[in-house]
There are 4 protein chains.
Amino acid sequence: MTKPRRIIDVSSMLEYEIFNSTSFIFNIAVAGNERQRVLEETLEIVPDTETHWFDLNDEGCRSIRLSAEPGYLKVCYRATVELSPELGCAPNLGEVPHRELPVEVLPYLNPSRYCESDRLARFAWKEFGGLASGYERVNSICDWVNDCIDYQAGSTDASSSACDVLLQRAGVCRDFAHVGVALCRALGLPARYVSGYSVGLEPPDFHGFFEVYLEDDWYLFDPTRMAPVNGFVRIGLGRDAADAPFANIVGYAILCNMSVTAMARGGESLPDSGKSAVSSA
Amino acid sequence: MTKPRRIIDVSSMLEYEIFNSTSFIFNIAVAGNERQRVLEETLEIVPDTETHWFDLNDEGCRSIRLSAEPGYLKVCYRATVELSPELGCAPNLGEVPHRELPVEVLPYLNPSRYCESDRLARFAWKEFGGLASGYERVNSICDWVNDCIDYQAGSTDASSSACDVLLQRAGVCRDFAHVGVALCRALGLPARYVSGYSVGLEPPDFHGFFEVYLEDDWYLFDPTRMAPVNGFVRIGLGRDAADAPFANIVGYAILCNMSVTAMARGGESLPDSGKSAVSSA
Amino acid sequence: MTKPRRIIDVSSMLEYEIFNSTSFIFNIAVAGNERQRVLEETLEIVPDTETHWFDLNDEGCRSIRLSAEPGYLKVCYRATVELSPELGCAPNLGEVPHRELPVEVLPYLNPSRYCESDRLARFAWKEFGGLASGYERVNSICDWVNDCIDYQAGSTDASSSACDVLLQRAGVCRDFAHVGVALCRALGLPARYVSGYSVGLEPPDFHGFFEVYLEDDWYLFDPTRMAPVNGFVRIGLGRDAADAPFANIVGYAILCNMSVTAMARGGESLPDSGKSAVSSA
Amino acid sequence: MTKPRRIIDVSSMLEYEIFNSTSFIFNIAVAGNERQRVLEETLEIVPDTETHWFDLNDEGCRSIRLSAEPGYLKVCYRATVELSPELGCAPNLGEVPHRELPVEVLPYLNPSRYCESDRLARFAWKEFGGLASGYERVNSICDWVNDCIDYQAGSTDASSSACDVLLQRAGVCRDFAHVGVALCRALGLPARYVSGYSVGLEPPDFHGFFEVYLEDDWYLFDPTRMAPVNGFVRIGLGRDAADAPFANIVGYAILCNMSVTAMARGGESLPDSGKSAVSSA
């Protein structure tokens with residue numbers, strides 16, 4: 001196993017105009033775990049506002065909660081992260097029979113709001129059932145998604161699900177991930193949605209990808225093939241995008257400005273490992 | 001052009017238990033047109049009931065209307081039909097550019113209840129846009145439908161549409177036809193649903209197929225490939241199955257028994273022309 | 001019966017940028033029938049282009065067909081219409097039992113792409129089944145739609161159906177009409193979509209409303225209550241908006257400018273007859 | 001606060017015919033918590049099969065996992081439970097502002113597979129937004145669901161969601177609960193699905209209801225009003241029914257027989273507390 005280490009700087013800046021007393025939960029802070037070490041981070045809120053950080057789950061994902069009154073709100077987050085993905089002999093990763101799946105991954109077999117895997121069993125088995133199982137099968141699903149679905153900004157909205165996208169054949173990163181998740185679950189593979197920063201994404205934005213449980217761990221996949229998976233910096237995760245939006249807003253606020261960055265230190269370009277396994281948690 | 005003639009006997013028997021005064025419209029009588037001549041037909045209703053026959057359209061399709069009071073109702077229809085389909089060099093049939101389509105076929109480009117072609121434009125163009133146009137493209141669509149969708153009794157119900165079936169990948173003849181219609185319309189090909197009797201269908205039942213407007217006429221296609229298209233005896237047609245159900249019932253009646261037959265005279269077996277064009281009207 | 005007459009001037013101007021050879025069908029010309037007499041009309045196309053006018057149906061609706069090459073296209077239509085709606089004792093209009101419905105209105109009982117009446121039978125009967133039948137029931141449906149659904153520009157798109165709108169509770173005129181049509185059909189009332197010009201609509205635009213077959217004729221209803229129904233000038237009609245879009249475009253063209261006007265001569269304001277029956281054809 | 005105690009005997013028996021090596025997860029064992037004490041329980045499997053019990057969550061819900069080979073499988077579960085629901089002055093229970101909700105209830109605000117709360121915000125606010133907040137609002141939602149939706153066995157299937165049921169206006173207990181959950185979440189109230197045994201349910205079966213987080217705890221609601229909520233014995237819970245099916249089956253097995261019972265000891269009839277709050281966890 002090689003254990004490359006790289007240093008990545010990420011940032012996000014969100015500006016809101018707020019019209020009513022509003023409650024926010026932000027998923028913009030990078031997760032901390034053994035393969036993704038937060039070396040340094042700052043959060044600046046204008047006007048100065050009390051924040052409450054809490055754990056979104058027990059895998060190092062953290063949410064930031066705050067309340068704001070009418071007016072202007074600016075949220076600036078910056079972090080430096082040391083990434084040490086484990087890159088290995090991915091193609092050999094196998095699928096785990098249902099009877100042997102760890103209890104904690106079982107919920108990721110259930111259908112969710114944007115990943116209606118229960119409706120896609122026959123679809124998934126007819127298209128992908130005959131392939132070699134394991135990593136290669138998931139990779140084939142990503143190839144298929146990448147091939148059959150057009151990446152097109154504005155083609156979907158917050159209510160679009162994997163089934164919608166499979167019919168209309170267009171979407172954005174979140175939709176690509178949802179289709180991947182839904183097809184994997186339909187085949188009996190535990191799968192979950194991951195949000196994050198991504199080095200090399202053009203135009204820069206938050207990114208959405210997904211993970212599949214294979215052999216003994218979760219492995220990252222990105223059917224958009226828009227950036228190297230070893231430049232992904234994880235923020236949140238969940239059953240689908242409903243569980244990890246960059247901002248959850250209850251009240252009345254309008255996002256009027258937003259910028260996101262992710263840069264590898266030293267400017268060295270990352271090898272495109274879109275086809276390698278990156279153990280993730 | 002060869003003009004084979006064949007004699008086909010069809011029948012349908014429907015028994016209802018009626019609980020309230022009920023109004024029926026039956027689409028069980030064979031259509032009469034120049035390629036499908038009705039040599040003889042009988043309709044028997046028990047108890048004896050006044051019927052009103054009317055033209056469903058100007059292509060020879062006829063509906064039968066009657067009202068019935070609570071109790072038992074039995075409807076028996078029998079006909080002998082002479083079929084003279086035109087079988088020709090189908091593979092050469094071309095598509096007609098939108099600007100040249102006859103005015104009367106234009107409505108069959110519109111999306112309908114069970115054929116949401118508006119949602120499937122990208123799907124259809126990505127899957128079938130690169131193929132040679134005309135008859136061969138429609139035939140490829142039928143091959144694809146036949147290959148990708150499982151024929152399975154009970155897998156759909158009266159509210160299932162082409163989109164539902166494309167996701168669940170299972171359906172019955174009506175669903176196969178709806179998917180064919182929706183994909184053709186999405187590609188700019190006028191397409192419509194046809195109901196009928198079908199020699200050789202196993203188990204015997206009413207059948208649903210579809211027609212596409214090519215070159216200068218409507219041509220029959222059956223993506224189920226369950227029976228030879230030159231043994232199809234047309235009953236009704238419309239934008240989709242909503243326009244030509246075998247029985248339209250307003251009131252409260254339960255179908256308690258039903259049988260359908262279709263036999264070619266002389267018992268000669270029909271050549272399987274599933275891949276030949278059969279000009280239809 | 002009073003037979004008021006009024007003179008209305010309408011116009012529409014559409015400008016397109018065309019990128020490929022494109023085929024258009026416009027539904028912008030006013031229909032001519034005994035209650036809506038076209039006194040004068042002009043159609044100007046820049047650059048000068050051959051047009052083909054054809055009857056959309058046998059009720060006086062007319063479509064305009066043309067083909068255009070890449071570049072700029074401007075379509076200007078103007079007409080002066082004499083409207084003589086029959087205003088009568090609407091509240092007494094009764095429903096026609098299914099068994100007595102004229103054959104030609106039967107297709108307007110079928111579910112259509114944007115009016116899935118088959119899915120709404122129980123909904124419609126539970127909400128409106130107990131009301132007095134006839135005109136008053138339809139008027140109650142319009143009140144309910146107006147009350148329960150918010151008129152909000154941009155809340156729906158070309159794929160939104162009555163079911164979508166019933167869930168999200170927001171839409172535009174086309175959606176209000178679709179919900180009205182779907183609920184009426186679900187109750188056994190033939191109903192159809194009508195497009196037109198409308199005096200007093202703010203902001204000015206094409207308008208969508210619907211008609212229900214009662215007693216012996218079609219009657220106009222507009223659940224948006226945004227303009228007096230006796231200022232409606234009919235263009236097209238069909239099962240739903242799919243049958244009468246103001247422009248049907250096959251090719252690649254972008255609408256870059258559009259304006260619509262409808263003014264009653266003499267500037268006299270029309271009495272708001274949103275609750276009166278206006279016999280329509 | 002009164003703290004009634006009652007003893008309830010429950011059982012379930014499931015018989016399967018198994019055609020392939022099959023992996024099962026059963027949610028049939030009663031949960032153990034401070035208000036629901038398991039006095040005694042037995043699980044009998046024929047043929048004798050090794051089972052693995054695991055915690056579905058940290059609220060006392062337990063799942064049973066086993067694998068079975070082709071042949072016959074019978075699962076019999078019996079338990080005696082002491083229920084001590086807290087019955088209090090429910091109508092005074094208030095809603096908790098979003099900013100003050102405990103972190104662990106936040107996921108129950110997210111839309112899920114069968115509870116598409118994101119699509120129902122306007123619906124919920126227009127119907128229920130004007131009501132007094134808190135327990136009474138949830139109770140009004142239950143009244144509305146009970147009133148507007150018909151309980152009808154067979155009207156829905158495993159893919160039916162709250163939106164489907166809101167349109168078709170018919171469903172079973174699971175659907176009633178899903179609609180309640182979806183509407184509550186749309187209003188900002190954390191809500192979750194609960195499965196269980198229920199004294200007095202006719203015909204006897206597993207039951208589905210839901211819980212809403214109010215004031216400081218989760219409270220039970222049952223919009224079917226088919227049995228007293230203080231006779232509910234909890235099994236599992238989750239975002240919706242996908243998280244707590246009585247059996248999750250991967251393989252090929254057919255349920256060929258099933259019976260469920262729930263009886264209060266001493267035969268004393270339980271007061272119908274359908275309108276009382278029953279604190280639940």
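Trainee: Which residue does A:Arg113 form a salt bridge with, and how far apart are the closest N and O atoms?

Mentor: A salt bridge here needs a side-chain nitrogen of Lys or Arg within 4 Å of a carboxyl oxygen of Asp or Glu. In this predicted model, A:Arg113 pairs with D:Asp118, and their closest N and O atoms are 2.8 Å apart. Across the interface of chain D and chain A, the rule finds six salt bridges.

Trainee: How many residue pairs are in polar contact between chain D and chain A?

Mentor: The count is 21 residue pairs, with both residues at pLDDT 80 or more. As for where chain D's side comes from, strands E2 (22–26), E4 (52–55), E5 (62–68) and E14 (247–250) of chain D each supply at least two residues. By class, the side of chain D that touches chain A divides into 11 nonpolar, 10 polar and 11 charged residues.

Trainee: What area do chain D and chain A bury between them?

Mentor: Think of buried area as accessible area that two parts lose on being put together, summed over both. For chain D and chain A that comes to about 2,400 Å², with 48% of it on carbon and sulfur atoms. On the chain D side, D:His98, D:Arg99 and D:Arg113 lose the most area to chain A, together 29% of what that side buries. In residues, 32 of chain D are in contact with 32 of chain A.

Trainee: Now the other interface. How many salt bridges does the rule find across chain A and chain B?

Mentor: Eight salt bridges turn up there. One of them joins the side chains of A:Asp150 and B:Lys126, at 2.4 Å from N to O.

Trainee: Last one: why is strand E13 of chain B largely enclosed by the rest of the structure?

Mentor: Look at how many of its residues are buried, meaning under 20% relative accessible area. For E13(B), residues 232–238, seven of the seven are buried, so the strand is largely enclosed by the rest of the structure. Strand E10 (residues 191–198) of chain B runs antiparallel to E13(B), joined by five bridges. Within that pairing, B:Ser198 stands opposite B:Phe232.

Conventions. Residues numbered from 1 in each chain as written. Chains lettered and ligands numbered in written order. Predicted model: local features only at pLDDT ≥ 70, side-chain atom pairs only at ≥ 80, totals over all residues. Heavy atoms only, no water. Buried < 20%, exposed > 50% of the residue type's maximum accessible area, 1.4 Å probe, protein only. Helix = DSSP H or I, 4+ residues; strand = E, 2+ residues; numbered from the N terminus. Pairing = 2+ DSSP bridges. Contact = heavy atoms within 4.5 Å. Buried area = accessible area lost by both parts, 1.4 Å probe. Polar contact = N/O pair within 3.5 Å; in protein donor to acceptor, adjacent residues only side chain to side chain. Nonpolar A, V, L, I, M, F, W, Y, C, P; charged D, E, K, R; others polar.
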